[in-house]
Amino acid sequence: MKAMRTNGEIRIGFYICHCGTNIAGMVDVKEVAQYIATLPGVVVSRDYRYMCSDPGQALIQQDIQEHNLNRIIVASCSPLLHEQTFRSAAEKGGLNPFYMQMVNIREHDSWVHEDRVAATQKAKDLSRAAIQRVFFHKPLERKRVPVNPDVLIVGGGIAGIHSALTLANAGKHVYLVEREPSIGGHMAMFDKTFPTLDCAACILTPKMTQVKAHPNITLWTYSEVMAVDGFVGNFKVTVKRKPRYIREDLCVGCLECIEACVYKDARFPDEFNLGLGKRKPVYMPFPQAVPKVVVIDPETCIQFKSGKCKQTCVEVCDDRNAIDFEQKEEIREIEVGTIIIATGFQTFDARRIPYYGYSIYPNVFTALEVERLINSAGPTGGEVVLRDGRKPEKVAIVHCVGSRDENTNRWCSRVCCMYSLKLAHLIKEHTDAEIYNFYIDIRAPGKSMEEFYNRVAEEGVHLIRGKVADIYPDPSVPNNGRLIVQAEDTLIGKILRIPVDMVVLSVGLEPRSDAQEVRRLFNITCSTEGFFLERHPKLAPVNTFTDGIFLAGCCQGPKDIPDTVAQAGAAAAEALALIDTGYVELEPNTAYIVEEDCSGCKSCIPLCPYTAISYLEDKKKAYINEALCKGCGVCVAACPSGSIKQNLFEDEEIYSEIEGVLAYA
Amino acid sequence: MVMTHEAIRSVCDITLETLTGIPEGRNVLTCIQCGMCAGTCPYGEYMEYPPRKIIAMLRAGLIEEVFHSDSLLNCVACYSCMAKCPRGIRLTEVLLPLVKERVFEHLPEVPRELQTALQNTLRYGNPQGLSPAKRAEWIKTAGVPIRILSQNPEPVDVLWFVECYTSYHPRGQDNSRAVAKLFHALGVDFAILGNEERCAGECARLVGETGLFDTLRERNMGVFRKYRFHQIVTSGAHAYDAFKYIYPCYGFDYPLEHITTFFAKHLEALKPLLTKKLNYKVTYHDSCCLGRHNGFYEEPRALLQAIPGVKLVEMTHNRISSLCCGGGGGGMWLDTYYKSRGMERLSDRRVKEAIQTGADVLAVSCPYEVSRFEDALKLAGYDDRMVVRDVVELLAESLGGD
Amino acid sequence: MNKESNDIVATSREWEPRIVAFFCNWCTYTAADLAGVSRMKYAPNVRIIRVMCSGRIDPQFVLDAFAKGADGVLIGGCHPGDCHYIEGNYKALRRFRLLRRMLQDMGIEDARLRLEWVSASEGEKVKSVINDMVEKVKALGPLGLPARFKEWDREIEALEEEIRTEEVEANV
Amino acid sequence: MSDKPKVAFYWCASCGGCEESIVDLAEDILMVLEAVDIIFWPVALDFKKKDVEALPDGAILVTMINGSIRTSEQEAMARLLRRKSKILIAYGACAYLGGIPSLANQFSRERILQYVYEEAPSVQNSDRTRPVTRFQDDGRTATLPEFRNVTRSLDQVVDVDYYLPGCAPTPKILKEALLTLLSGNLPPRGTVLAPDIALCDECPRKDTKPTDLCFTEFKRPHWTQFDPEKCLLAQGVVCMGPATRGGCEALCIKGNMPCTGCFGPTSRVKDQGAKILSSLASSVNAKDEAEIDRILSNIPDPVGTFYRYGLARSLLRRKVVTKE
């Protein structure tokens, strides 16, 4: 029966991989190989230590020649990992790559079972299924589609900026889309960076201005991606450009309008300074903002609220005519071949831990707020002061706020230890206060981190090993804002109640609250924590499960700046690799309709999510446009007369697998 | 910190030896020795072996040494360590009772006050050592008819498990009379066990007297099985915990409410009845059992705010940070012991904060607290300016002309 | 269970359920890989067959699996809204609802056909779903259709035998 | 006796419609009688079983058996005729797929007997007499055939060479089949002698079916008058046409009734019911379970609807009886 359905004799080569002990430790590979050798069509059945190694692949090629095999089965790890490897091995051996079938006996078998007998049985069943399946395999051609050389980068933090410049310098055209009015992201808010203590602005600003100036970069700030369509090489992206009520092309960034605003003094909380400072309705996010273009906030601008403002700003802008109250939101459609997602992180909301008193006691700050206080361009001009203006004499820095905690976020945010030490150093430098760092463990891996830890310790910062348990106003001196920080010093086993003027909460990093929407937008995956999931934790750290979409920076997980930049470079390189190849090869798992079988019942047509199926009026039959088909197989499953087939997943192939896995005694 | 029934069963017949044998218990191995437990413990500085150290000793195979220290008598089962533990280790629920049991065995002598309370509980089913026959005496003063199941075993909707302090202690009885009034006002079909009721035994277990707990538990379960009712509502916050977390191991599966949550669920029906205006400035003390252990922070506050005229103010330490009154885990009968060790009474510490709010009523929801805080207020010489009232007492007071 | 199925239990020494799983390539299959990478341990009764999308799963596959001896069939797809092919999982869901009803009419218990949404990051869910399903199907006992088919056909084999012997007698 | 090829007809569990369909050949039947000798046709001609037994094996060119197989007698006759015939044809939906009688596979044998001999409203059988296969009455022995546990298609009992689908087969396909057989150049064994394409191909309403059809409600055929021009699926009626072999020239559709699937699936489909189920369900216009169920609730009896003619030959064949 099977033999009838396939042309000529089927000669199968079966290879089972030990993967060191990863598989052989739980599956009796010899037994499986011997068993498979007894099945019809099997000419060669071998076990080998590492099939993915060069000798392993060579073995396949050699056997194809010597035993003129025309089907190859490799029982090893997940096809998602090595299918390409073994397909090309088969190809090098002169076989059509799609005559190769993989059997997943590691991720789905040896790694998840503890009973050697059962695991071996399972390996036999899965292998038998593959043996029966390959009888129906057909030679297939991969379809090539050209890759549009333009790249979309989402997010203008250090990650997005670095990827953009790398690609632009390589001569590729980049669209950099940033939600905020300026690029720079979190890094722009920092004062100095650990462990080198070089000023964030000094290293970031030049890169920001390069982005603006670069001929190959189209910079869209105050903009958001609305829709993403298409696939690797050919994405269609819709971008919304929010109105800033300023003509970007006309504004020269002279800031005179801010000066002239009818509001004599700034009175609205300033986002960039986390509300620690104030701004006017018309404002520049921060001095080094890029683009150097002001924004008008319609929520607070009198013109928008009442419609009758003297418009002193327009007056002073004069013939530059940069102010445009009529500006509307714009929708832009762009086509790109690859996308880099660099949407970054958000800091943990300290209000979620009530007993740390954030937003209850004014002298409890978050680390990011303190970064702004320390920053000379910040709301206090670099003065580290309490909300009432006093200089703190004693400061507690609380590590692991919203990290390593089942009740909030379970993961270690990786950067807090080092930035807490950095803040300890900086606050000491600015205020000469006594600093108490409460930590659980100090995590200082990486280049010159331990050295920095050492240096801060030498400076006399009190490093107390104990998680802060409670923070409350000092009852002995009511209403003077002093706080008691209570914790056990676990190294001496004593309970400490340390009175301080200022508490700094080293808040952790977490996924942005809209990560799920973004994930859906780009059809990528999130890890359980909610960070975007890389294709492989080690071997494909910047790839996603969607080809052509890459990850950079903290949207994939907490990172410090060096790692972020490195990853941003890697993402850019991955995009470059695709662009310079010029095309992508698509899996030939597309569906097709057998014309003479199709009754033209049209049942399949509305089911296709890509409108790849059309009805040929002349022939009165349905037809699938292979270029549009993504190979989900929905139409195949739904065709009531079985007249649609899917390459690589033909009914017969799946039936034979079903029979195969169940055919055990 | 609310446990699923699966989770409860997983720890039913667990011992220190088998602890790490089950997934639930294995997470003591994940302890990162951060000291949160000791840091948040109200008697932290008196703890020779705070949970952190106990776990360290356990992992090092030195747990035996812990049994010989009586420092765990300082644990008043306030659930603070458990509520804040970053590894979600069920300290107050599982680990500490297991250790305390052994500590109790090794105690050279049990503090007398506690000893008597436990013996009383064994003999008379209440720590005060009052006659079980008088357990239902108070209903004579209730002002409303109260049905006792032994006299009329008809099926009933609410089986009201009154508990000891609310049956015997004069101020506790105020609580009970209030509840009875409210039940009537709401037209609830309820009944009590009267003299058949015994202490639920939660404190006995949490101080380490597991044997006593088992006796009481079996006795009460036996009585429950005699009657047909839809749900159990109890006035005891500690009884509530016992029924919710420990009794299920032994077949207890009745729907359960604490009076506070019960009335919170009936708030809509209750509101129109609360006609009498009470111009009090009230601060609410979250009891450990209802608050930290079961997360009922808003229910009692909702009840208070439903009372016309009441102005609610908060103490520095509220909700999850609430300071324990010191009555839990046997602490109720260890005050002299603590005093002898120069330890501040926790109820004294608590009322200081209450006083700072300038409130004139300290509202509570656990029967222990009324007497403890009233003592503390006297001691602080503040009893003329602040009174202690159970939430249900205030509700009943607000029930207009009856 | 009645006599019929008891016989089948009897004929199977320490019976273990056989479950065929159809997992979509992008979410559930990947999650199963993740479970492996994370070395989670689960029951070895399930055989996973990979399809690109849960929308590819033809009800015929499910029936065929039962007919060929599966005691349970598990379908795994991406969570609603997360389908790599936009809406394939909804098609799977619609088929599942009607198929399950039809199977009830054919005497096949609900627990034998299960649809689960498992995202690529939910290795833990793969483990719990598989363990739970194996447990439930174990409780139901074998479906063992091939055995039942044989059982049903015994009656005609008997007659065949009879006729043959009659003929033999006729010819002597 | 003439040397014209010998032809036999036999019926098993069937309604007799298939016999009718032979007569429906009208004057063409003469053409048939020209060409062949009918040597066995219980419904029309007086031959006896022993006449067939007397024939040498393979003496009959073609035997057409209609009806499904439910009793031991039907089995025995099927075997006998199989032995005596060169070509055995499963004639009509019942012989081919089990047909309507095989809907009985939803019930156990016991359940059926209980209903028919005890519960059925028209039954008067106070002492609950049940048929027995053999009983004595003053010396004479009467026998009845055994009532089987399962209803079967012909090929589940004996080897079948060709299939003629339909309830009943239309004169057109019968005639074509006969001509093919007499012509001598036989199609491969196992062929279904009808077009291997779904009914929509020849449906007069094909063009009226929209390309964006999705279901918000299903309507039962008896509910209202339906537009006699428009595709019935487009009107919310369950029509099996897309999943059913063509060749009947859409007779039911022409009578403004939906196709109920009597010609069975195409050769590419294992299970006709599963396929139409898949197709219809996929196009239900809802995303949440409750709404999906609501829309599908107007298909109250999926088995009876999707397997009306083919339960015996479906993948599951029979209801799994675990509780009685």
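Reply: Over all chains, the structure holds 113 salt bridges, a salt bridge being a side-chain nitrogen of Lys or Arg within 4 Å of a carboxyl oxygen of Asp or Glu. This is a predicted model, in which local features need pLDDT of at least 70 and side-chain atom pairs count only at pLDDT 80 or more, while totals for chains, interfaces and linings use all residues. Residues are numbered from 1 along each chain as its sequence is written, chains are lettered from A and ligands numbered from 1 in the order in which they are written, and side-chain values use heavy atoms, with hydrogens and water left out.

Chain A supplies two examples. In one, the side chains of R144(A) and E585(A) meet at 3.5 Å, N to O. R144(A) belongs to strand 5 (residues 143-146) of chain A and E585(A) to strand 30 (residues 583-586) of chain A, so the pair ties together parts that lie 441 residues apart in sequence. Helices (H or I, at least four residues) and strands (E, at least two) are DSSP runs, numbered from the N terminus. E585(A) is partly exposed, at 40% relative accessibility; the cut-offs are under 20% relative accessible area for buried and over 50% for exposed, with partly exposed in between (1.4 Å probe, protein chains only).

The other example joins E256(A) to R320(A), whose closest N and O atoms are 3.0 Å apart. This pair also links distant parts of the chain, 64 residues apart: E256(A) sits in helix 9 (residues 256-260) of chain A, and R320(A) in the loop between helix 11 (312-317) and strand 17 (330-336) of chain A. E256(A) is partly exposed, with a relative accessible area of 34%, and R320(A) is partly exposed as well, at 23%.

In chain B, R385(B) and D384(B) form a salt bridge at 4.0 Å, N to O. D384(B) is exposed, with a relative accessible area of 63%. Elsewhere, salt bridges that share partners join R171(B), D174(B), R177(B), E374(B) and E393(B) into one network.

Salt bridges also cross between chains. There are 5 salt bridges between chain C and chain A. One of them is R47(C) with D125(A), at 2.9 Å, N to O.

On the side of chain C that touches chain A, the elements giving two or more residues are strand 1 (19-24), helix 2 (28-37), strand 2 (46-51), helix 3 (59-67) and helix 4 (88-105). Helix 2 of chain C gives the most, with 7 residues. By class, this side of chain C has 26 nonpolar, 10 polar and 13 charged residues. Ala, Val, Leu, Ile, Met, Phe, Trp, Tyr, Cys and Pro count as nonpolar, Asp, Glu, Lys and Arg as charged, and the others, Gly among them, as polar.

In total, 49 residues from chain C and 52 residues from chain A take part in the contact, where contact means heavy atoms within 4.5 Å. About 4500 Å² is buried between the two chains, 59% of it from carbon and sulfur atoms. R47(C) returns here: together with R18(C) and R56(C), it supplies 16% of the area that chain C buries against chain A, more than any other three residues. Buried area is the accessible area (1.4 Å probe) that two parts lose on being put together, summed over both.
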